[in-house]
Amino acid sequence: MYIFVCEDSLEGIFTGVYDACASKLGHRNIRLCTGEPDNYELFSEYIPVTPSVEKTQKVVNTLVTRFGQQFYESIYQAAMSGEPRSRKKMDKADAIYETILLALANGDGQKVLLSLGEPCVFRIFELCRATNREACHQLQFLRFSELENGVLFATVHPKDYVLPYLAEHFTDRLPQENFMIYDATHCLVAVHKASMSYMLADASDLDLDKIKRYSENELEYRKLWLTFFDHIAIEARRNPKLQMQMIPKRHWADTPELSRFA
Amino acid sequence: MEFYRRNYIEGLFLSSGILVSPNYTMDLIYQTLYKLRNVHHFNGYIHVKAIPGADPGLIEKAGYLADRMSINLELPTADGLKKLAPYKSRHTILKPMRQIQNGITENKNELMVYRKAPKFVPAGQSTQMIIGATPENDFQIMSVAEALYKNFDLKRVFYSAFVNVNQDSSLPVLPGGPPLLREHRLYQADWLLRFYDFTVDELLSEDRPDFNIYLDPKCDWALRHLEFFPVEINRASYHTLLRVPGIGYKSAERIVKARRSNRLDFADLKKIGVVLKRALYFITCSGKMMYNTKIEENYICANLMADRTQIPKDIRESGYRQISLFDSGTLGSAAITQDMILASETAGIQIPR
């Protein structure tokens, strides 16, 4: 058995897929693995994969031209999932590799994605669903606050890599605003300047003190919002359990109305 | 606007009591809408209330700016409306509702011809009914809702449990708090109407006018129609699958698509999202049932009732007490029959209704 060890990123995985296909070792003898394995197997050869932009582009092109944009997006969303590796579930990179092989054999990507009986396809479906849900949650629970210089700033802690999706959404929604979304889990920041498109940047040297300096109105509005939030509730219908189902507790720290209870 | 900028809110809801006259109020609402959209560039969702009795022209103008419009039906029957909201009449409510419906269909035709035509109430219209303030039964309420969906193309009917705010003497006093469980059952049935091709006559009838509080409407229906079950997962049509308790419309869709490539078994169903603890009594995979279960009303009912997530704790316990009264002689018999539940209901346990 040959095991290709890929980096946990789109580039890492797609380069792994490319190398695995190009190696001519026979698909049956190949597995992919995201990140360094915890436990090395006897009688298996481990092949490290160095991510390459060129190879990634080739894989993306093949997927888009042969199976359509939708297929590619599903694979992309699955690859963006940050679900921790578990021994019980199929490895992410391996699931992607096998699904792509199935699609290549079958010729119809959409059809392959629907055959949930296949373990690899089901895994893709599961990962996609998780990423989509996370993106949806983040869209709803992200809260901006206005800084001294008028920039809107938000911190999020998403499980999956959904920052581009968030930035896309808010560029469309607040085209005339300068805003920044800081993804604390992946240490990335999306920067948007009024009436331009957004950019992603590394946030390791973000000045954490500067983002605490709010504009003078900010706290006022926050207070107004909290008052509104408290008074809109109907006492007879209070249902904290349901509320927790709707807004899982891990989001509470980032939303001002709930961070009071966290 | 500042709330919107901070992503605190996604949209807003514009409503008002009648000030001076319906037309005057509607005009004020329209002006607010206009300012929000054109002066402050609010692109979020706006749900606006149409005021019964206002000029059709004003309602139409507001419709082009809002996402959703609604007129509250308030109470399901004309009698109830007369008693608790004497200033509103069935006629003034239904007229603008019809107008909005016509507006939406006309606009759809227009959009087919001119893609850039302004959109009229793109999120459809809805209405709301108050539950538990007047003596209507569930059958009447659901029939009204069904008629609204059929005749007025409503997107949603909201049911809201009656909460006594101003303690007026003509308003009823509900000892058990607002009838939230009844509201829940009505919503469940509402979903069955909209997504599962059920009709009200199948769920309820004149002789059984209220929902069973112990079981959700779909389980209840299935138990009364055991002749349709078990259903073979690998062959049954989409519509048949929809009627199985524990299979939602999404899982039904996934089943239909997934079985084209593989035969499905119970493990696959679990992955697809079918709630097997409810579905297992009603389905077969390749001719086999999951466990050796009987297709018998009392047996399935007792097992479904054992599911603790189905009903709130206090009611579950009150039901249990009542049942143990009947069963007092036999030790450890857990046979809870539907007839007994009905009996316990008529015996008048404290159920908030």
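Hi everyone, let's start with chain B: 31% of its 353 residues count as buried. Please keep in mind that this is a predicted model. The secondary structure of chain B comes to 16 helices and 7 strands. If we take the contacts in chain B between residues at least 6 apart in sequence, 69% of them join residues at least 24 apart.

Let's zoom in on one pair of strands in chain B. Strand β4, residues 125-131, runs parallel to β5(B), and 6 bridges join the two. One bridge you can look for on the screen has Ser126(B) with Arg156(B) of β5(B) as its partner. Now, which residues of β5(B) are on its covered face, and which are on the uncovered one? Val157(B), Tyr159(B) and Ala161(B) make up the covered face, while Arg156(B), Phe158(B) and Ser160(B) are on the uncovered face.

How do the two chains meet? Chain A puts 17 residues into the contact and chain B puts in 19. On the chain A side, those residues divide into 11 nonpolar, 3 polar and 3 charged.

Over to chain A, which is divided into domain 1 (2-134), domain 2 (142-215) and domain 3 (216-262). The centres of domain 1 and domain 2 of chain A, taken over C-alpha atoms, are 30 Å from each other. Where these two touch, domain 1 of chain A gives 6 residues and domain 2 of chain A gives 5. The domain 1 side of that contact has 2 nonpolar, 3 polar and 1 charged residues.

Next, a sheet in chain A. It is open, has 3 strands in the order β2-β1-β3, and its pairing is parallel. Which strands are at the edges? They are β2 (30-34) and β3 (45-48) of chain A, each of which pairs on one side only. Ignoring direction, neighbouring strands of this sheet are turned by 30° against each other on average. Strand β1 of chain A, residues 2-6, is joined to β2(A) by 5 bridges, and Ile3(A) stands opposite Arg31(A) in β2(A). Two helices pack on this sheet. Helix α1 (residues 10-22) of chain A touches β1 and β2 of chain A, and its direction makes about 155° with that of β1(A). Helix α3 (residues 92-106) of chain A also touches β1 and β2 of chain A, with its direction at about 140° to that of β2(A).

Now for a helix pair. The axes of α2 (residues 53-79) and α5 (residues 119-141) of chain A come within 8 Å and cross at roughly 75°, which means α2(A) is roughly perpendicular to α5(A). From α2(A), the contact uses Ser74(A), Ile75(A), Gln77(A) and Ala78(A); from α5(A), it uses Ile124(A), Leu127(A), Cys128(A), Thr131(A) and Asn132(A). Together these residues are 5 nonpolar, 4 polar and no charged.

Last stop: Val162(A), in the loop between β5 (152-156) and α6 (163-173) of chain A. Why does Val162(A) count as buried? Because Val162(A) has 26 C-beta neighbours inside 10 Å, and 20 or more is the cut-off for buried. The C-alpha atoms of Val162(A) and Thr131(A) are 7.5 Å from each other, although the two residues are 31 apart along the chain. Beyond its neighbours within four places in sequence, Val162(A) is in contact with Met80(A), Thr131(A), Glu134(A), Ala135(A) and Gln138(A).

Notes: Residues are numbered from 1 along each chain as its sequence is written. Chains are lettered from A and ligands numbered from 1 in the order in which they are written. This is a predicted model: local features need pLDDT of at least 70, side-chain atom pairs count only at pLDDT 80 or more; totals for chains, interfaces and linings use all residues. Domain bounds come from an automatic or database domain assignment. Two residues are in contact if their C-beta atoms, placed from the backbone, lie within 7 Å. Ala, Val, Leu, Ile, Met, Phe, Trp, Tyr, Cys and Pro count as nonpolar, Asp, Glu, Lys and Arg as charged, and the others, Gly among them, as polar. Axes are lines fitted to C-alpha atoms, for helices over the stretch in contact, and angles run from 0 to 180 degrees between N-to-C directions. Helices (H or I, at least four residues) and strands (E, at least two) are DSSP runs, numbered from the N terminus. Angles under 35 degrees count as roughly parallel, over 145 as roughly antiparallel, 65 to 115 as roughly perpendicular and the rest as oblique. A residue is buried if 20 or more other C-beta atoms lie within 10 Å of its own, exposed if 12 or fewer, and partly exposed in between; C-beta atoms are placed from the backbone. Two strands pair if DSSP finds at least two bridges between them.
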